[in-house]
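User: I would like to learn how to read a structure like this one. Please show it, then take me through its features.

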Amino acid sequence: KKTEAAETEANTAEEKASEDKSEEAEDKEKATASKTSDANKITIDMDKPTAGKKNVSSARLYFPFRSTKPELADSTADYFDDLISYLKANPKAKVQLIGHTDNVGDSDINEKLGLQRAERIRTVLIKRGAPASRVEASSKGEATPWVSNKTEEGRNKNRRVEVKPIK
């Protein structure tokens, strides 16, 4: 009976360990799927808000390469909701949208592409309820990279629209 009890205990421990590994693998799969599902969406990287202040921080929105009409990632949509609430609560506040590109292609085309991206974000914000007169769009094209354009990762980070709330 002691042997049976020991075997049962060992089997229970193995099953528990197997379940833990399964849950861990499932969590990793979900994280990977989330990253993959956001691969063709506009994603966001926010600056940390100033402690104790009730305003929206600046952010960088990243665009997928050669995307014609990318959707918003959930985190980006949440940020937009907060930004629009901020604009509505602060009638003198504005937001600047500055489009940027990587250095692939012609600089004149990149200037236009940066503006198209900024205008796209402006349109999305207005459709979601932002006051049109207080959302400005411009472009710097490839002129001010955030990071080096020497790697694919760097070029990905340079395809962006900077969002700058102004009091």
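**Reading the sheet, the core and the confidence**

Analyst: Gln96 stands opposite Lys164 in strand 6. Strands (E, at least two residues) and helices (H or I, at least four) are DSSP runs, numbered from the N terminus. Residues are numbered from 1 along each chain as its sequence is written. The model is predicted, with pLDDT of at least 70 needed for local features and 80 or more for side-chain atom pairs, while totals for chains, interfaces and linings use all residues, and side-chain values use heavy atoms, leaving out hydrogens and water.

User: What does pLDDT say, and what is the average for the chain?

Analyst: pLDDT is the predictor's confidence in each residue, on a scale from 0 to 100. The chain averages 79, and 71% of the residues score at least 70. Contact here means heavy atoms within 4.5 Å.

User: How many helices and strands are there, and in which order do the elements run?

Analyst: The chain has 4 helices and 6 strands. Starting at the N terminus, the order is α-β-β-β-α-β-α-β-α-β.

User: How do I read the sheet, and which strands are at the edge?

Analyst: Two strands count as paired if DSSP finds at least two bridges between them. In this model, 6 strands form an open sheet in the order 3-1-2-6-4-5, with mixed pairing. Strand 3 (71–72) and strand 5 (135–141) are the edge strands, each pairing on one side only.

User: Which pairs are parallel and which antiparallel?

Analyst: Strand 1 pairs with strand 3 in the parallel sense over 2 bridges. The bridge partners are Lys41 with Glu71 and Ile42 with Leu72. Strand 1 and strand 2 run antiparallel, joined by 4 bridges; Met46 has Ala59 as its bridge partner in strand 2. Strand 2 is also antiparallel to strand 6, again through 4 bridges, and here Arg60 is partnered with Glu162. Strand 4 and strand 6 run antiparallel with 7 bridges.

User: What packs on the sheet, and at which angles?

Analyst: For such angles, axes are lines fitted to C-alpha atoms, for helices over the stretch in contact, and the angle between N-to-C directions runs from 0 to 180 degrees. Helix 2 packs on the sheet and touches strand 1, strand 2, strand 3, strand 4, strand 5 and strand 6; its direction makes about 60 degrees with that of strand 1.

User: Is Thr76 buried or exposed, and what does Thr76 touch?

Analyst: Buried means under 20% relative accessible area, exposed means over 50%, and partly exposed lies in between (1.4 Å probe, protein chains only). Thr76 is in helix 2. Thr76 counts as buried because its relative accessible area is 0%. Leaving out residues up to four places away in sequence, Thr76 touches Ile42, Thr43, Ile44 and Leu61. Ser85 is also found in helix 2, but it counts as partly exposed because its relative accessibility is 46%.

User: How is a nonpolar core defined, and which residues of the largest one touch the most other members?

Analyst: A nonpolar core is a set of buried Ala, Val, Leu, Ile, Met, Phe, Trp, Tyr and Cys residues joined through side-chain atoms within 4.5 Å. The largest one has 25 residues, and Leu61, Tyr79, Phe80, Leu97, Ile121, Leu125 and Val163 touch the most other members. Elements giving two or more residues to this core include strand 1 (41–46), helix 2 (74–89), helix 3 (107–127) and strand 6 (160–166). Helix 2 gives the most, with 7 residues.

User: What does Val163 contact?

Analyst: Apart from neighbours within four places in sequence, Val163 is in contact with Ser58, Ala59, Leu61, Tyr79, Leu83, Val95, Gln96 and Leu97. Strand 6 is mostly covered, with 5 of its 7 residues buried.

User: What share of the chain is buried, and what share of the contacts links residues 24 or more positions apart?

Analyst: Buried residues make up 31% of the 167 residues. Among contacts with a separation of 6 or more, 70% are between residues 24 or more positions apart.
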